Amino acid sequence: MTTIEVAGVPVERDSEGFLLHTGQWTSQIATDIASENGIPELTPRHWQVVEFMRERYLATGTAPSIRSLGKESGVPIKELYQLFPKGPAKLAAKIGGIPKPRGCI
Amino acid sequence: MTQLLEEIERRQEVAAEPLQKVCIIVSKGSLEGIYPALIMANGARMDGIDADLFFTFFGLDAIRKDRQAKIKVATVGNPGMHLPTLIGVIPGMSWLATKMMGGQMEKLDIPPIGEFIELIHDSGGGIYACHASVEMFDLGEDDFVPQLDGILTVGEFYERSAGAQIIFT
């Protein structure tokens, strides 16, 4: 477990950098985690994916698969990989402050 | 002693290095022969690992326009089905087993083969056909789905696989 400090508030994370308490998430945390993972600036397209992931998780309790991310987030698969080159679903989940998606698809 | 410890440490560091690329060979044309490779290739891309799929022999069916949608589970010669062989041979059994499995997979958000190949391709995964098999079955580029990135000889395949883990399925 590690802790990052955002605007003076300590935020707990697991060993891979995912937030332990999704309620602690703020857009500032998102920006910090993004730049830590090689995304210097979150564009509106990034936000669209991150917000979709987060909303879906909060509504259903599970993060969407890469397939539904491509079909339903409004951002097609090719662009998802351009926005999040090291894996869109996992990185968007990390930035969105939700747990690491565990599905195989 | 210090040298030895340093060497051990160095080797551990090498072993812990994450995978950079996988090249997965698909040699079988049954549903259960194709899906594991697709799931592994897509899973690699989801983790930021480069992935190439190389279809050979009956594995080519997965990327053939005329056969992609007709891939079925083997109900004969497949002890994993736990189905007596004499029942497995009844016409329509393979169709039925495939249909049932397809329903279950859709529930788990596993796409049909055509859509899966498209997903992997759009994710940046390479889709290649084996040159020898293409010739053996007397096929041409037009016989394949548009996601095909090329027809490779075995030598070209190895060249593309430099530094990758090769997985045969």
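Okay, housekeeping. Residues are numbered from 1 along each chain as its sequence is written, while chains are lettered from A and ligands numbered from 1 in the order in which they are written. The model is predicted, so local features need pLDDT of at least 70 and side-chain atom pairs count only at pLDDT 80 or more, whereas totals for chains, interfaces and linings use all residues. When I say helix or strand, I mean DSSP runs numbered from the N terminus: H or I over at least four residues for helices, E over at least two for strands.

Let's start with the strands of chain B. β1(B), residues 21–26, pairs with β2(B) in the parallel sense over 6 bridges; pairing here means DSSP finds at least two bridges between the strands. One bridge to look at puts B:I24 together with B:L53 of β2(B). Between those two strands the chain goes through α2(B), and this β-α-β crossover is right-handed. That means that, with the strands pointing away from the viewer, the path from the first strand over the helix to the second runs clockwise.

β2(B) also pairs with β3(B), again in the parallel sense, over 4 bridges. There, B:F54 stands opposite B:Y128 in β3(B). So how enclosed is β2(B)? Largely, by the rest of the structure, because 5 of its 6 residues are buried. Buried means 20 or more other C-beta atoms within 10 Å of the residue's own, exposed means 12 or fewer, and partly exposed is in between, with C-beta atoms placed from the backbone.

Next, α5(B). Which residues of this helix are buried? They are B:I113, B:F116, B:I117, B:L119, B:I120 and B:H121. These residues pack against α3 (66–72) and α4 (77–83) of chain A, together with α2, β2 and β3 of chain B. Just after the helix, B:G124 takes a positive phi of about 100°.

B:S123 sits in the loop between α5 and β3 of chain B. With 21 other C-beta atoms within 10 Å, B:S123 is buried. Leaving out residues up to four places away in sequence, B:S123 touches A:I77, A:Y81, B:N42 and B:R45; contact means C-beta atoms, placed from the backbone, within 7 Å. B:R45 is 78 residues away in sequence, yet 6.5 Å away in space, C-alpha to C-alpha.

On to the interface. For the record, Ala, Val, Leu, Ile, Met, Phe, Trp, Tyr, Cys and Pro count as nonpolar, Asp, Glu, Lys and Arg as charged, and the others, Gly among them, as polar.

Quick stop in chain A. The contact of α2(A) with α5(A) divides into 7 nonpolar, no polar and no charged residues. α2(A) contributes A:V49, A:V50 and A:M53, and α5(A) contributes A:P88, A:A92, A:A93 and A:I95.

Last, two loop residues in chain B. B:F57, between β2 and α3, has a positive phi near 45° without being glycine. B:D109, between α4 and α5, has phi near 70°, also positive and also not glycine.

Key
Contact = placed C-beta atoms within 7 Å.
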